[in-house]
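Thanks for coming. I will go through one structure today, starting with confidence and then moving to the contact between two chains.

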Amino acid sequence: MDIGRLWNYISRPEIVPRLFALFLCIIMIVEFFVPTTYNEDQLYPKYPPQSQVLKSSLAPYDRGGEPLKTPADIKTQYPQFEPLRGRITAYLTPPAIWISHKTLYFGTTIVSTPGGILDEILYYTRGLDTILESLTLLVSFMIFSWLYLHRERVE
Amino acid sequence: MSLNITSIAGKFYGYIPFGDIVLYVTEFSAISFIVAIFFTLVVYFTKPEKQLESQIGGFDTLNYVSLEELKIRRLMAILCGICTAFAMLTGDLFNYALFLALIGITNIGIVAAVKKEWVLNAAYYYGLIAMISTLPLFGGAALILAKTGTLSILELAKKPYDLLFQKILYAAGVVGETGVAPFYAAKAEMFRAPGAPYILMIHLSSLLIVIRTAEILLTI
């Protein structure tokens, strides 16, 4: 086996995604059999699945508390950096209030996200993450629209 | 409470809190931040180079970057530089992963604006790898959260955890997201395509991200 031919093979751009995917498969198959543990003391706890259905119209996202009045009990990593912790959880826009009175499945509709429910974790405790997520989307739209608007220019 | 960590990164200077996401400044991250910002300024103020391509038996041609291509590539390079600079400071694993995803997108943007077949081909395959590697990147961060219950590097550094395989998965994600970017820039012969300073941002961000990943994985 000539090693030069091997180098030439892996130097092609279309081969690298395949090699990377294969490498990832090997890692993940090994990792699947490695025993691991689950820490019960989670930073962002979730209620058990289906525990809120048909009891609250904000079903999976009901974290308790009344917006701007009584703060909800939110667990965070650094409470000293979040003086208004728990106050804006489940703050609803006027259309969202109207829909939430009509149906018990409001929390799972498309209306509840991204503008309907102001979720405490997304918009206050981990706000920088939300900014970066939407920035990623905006940058990809910028690239796409530039490529689309200049599709006639060919070299 | 104290937010002090002992790590290979050197002296701890301070922190910038954004809720749960706490950016912190050490000797290492301060130097990397300044380097990234400096090169972002270089990219902003430099005009792209022109290239004279000499041909046998014909007229020499001058390759240059048109103004509209310059604008999008400079914007992407500046975004890439700013993201690299703040990825140096961030103190949260998930936030770091999001910065990497953004750097990957901007790298594709820098490359994809060049309307040449081989360049676009390389950008396409780089995009495939970046999409594949979001799974190990965010999956690794999620597994670390499940095992330790926290994502903050400052908290993870306080206790020793056995996170070997989660770290391997996270590192594989980093490699796919930005680590292979210089390979594709080189494969696409971007050095032969005009527009010198923008393409160097890909290499600089990849270099700084790999060093910073090593620092994070040794700290937690």
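**Confidence, spans and contacts**

What you see is a predicted model. Chain A has an average pLDDT of 82, and 93% of its residues score at least 70. Where in chain A is confidence highest, and where is it lowest? The highest mean, 92, belongs to helix H2 of chain A, residues 16-32. The lowest, a mean of 66, is in strand S2 of chain A, residues 117-118.

Next, the annotations. For chain A, an unreviewed UniProt entry lists residues 20-38 and 131-149 under "transmembrane region". In the model, residues 131-149 of chain A are 100% helix and 0% strand, with 27 Å between the end C-alpha atoms. Residues 20-38 of chain A are 68% helix, again with 0% strand, and their end C-alpha atoms are 29 Å apart.

For chain B, the UniProt annotation "transmembrane region", also from an unreviewed entry, covers residues 21-45, 72-90, 96-114, 126-148, 168-186 and 198-218. I will take two of these. Residues 21-45 of chain B are 76% helix and 24% strand, and the end C-alpha atoms lie 32 Å apart. Residues 126-148 of chain B are 96% helix and 0% strand, with the end C-alpha atoms 33 Å apart.

Now to how the chains meet. On the chain B side, 46 residues are in contact with 41 residues of chain A. Several elements of chain B give two or more residues to that side, among them strand S1 (12-18), strand S2 (21-26), helix H2 (67-89) and helix H7 (164-179). Which element gives the most? That is H3(B), with eleven residues. Sorted by class, the chain B side has 29 nonpolar, ten polar and seven charged residues.

H2(A) packs with H7(B) at an angle of about 165°, and the axes are 10 Å apart. Because the angle is over 145 degrees, H2(A) counts as roughly antiparallel to H7(B). The crossing of H2(A) with H7(B) is left-handed.

Which residues meet there? From H2(A) they are Phe20(A), Leu24(A), Ile27(A) and Glu31(A). From H7(B) they are Phe165(B), Ile168(B), Leu169(B), Ala172(B) and Gly176(B). By class, this contact has seven nonpolar residues, one polar and one charged.

Methods
Residues numbered from 1 in each chain as written. Chains lettered and ligands numbered in written order. Predicted model: local features only at pLDDT ≥ 70, side-chain atom pairs only at ≥ 80, totals over all residues. pLDDT = per-residue confidence, 0-100. Helix = DSSP H or I, 4+ residues; strand = E, 2+ residues; numbered from the N terminus. UniProt positions renumbered as here; feature names shortened; annotations may be inferred. Contact = placed C-beta atoms within 7 Å. Nonpolar A, V, L, I, M, F, W, Y, C, P; charged D, E, K, R; others polar. Axes fitted to C-alpha atoms, helices over the stretch in contact; angles between N-to-C directions. Parallel < 35°, antiparallel > 145°, perpendicular 65-115°, else oblique. Left-handed = near helix turned anticlockwise from the far one by under 90°.
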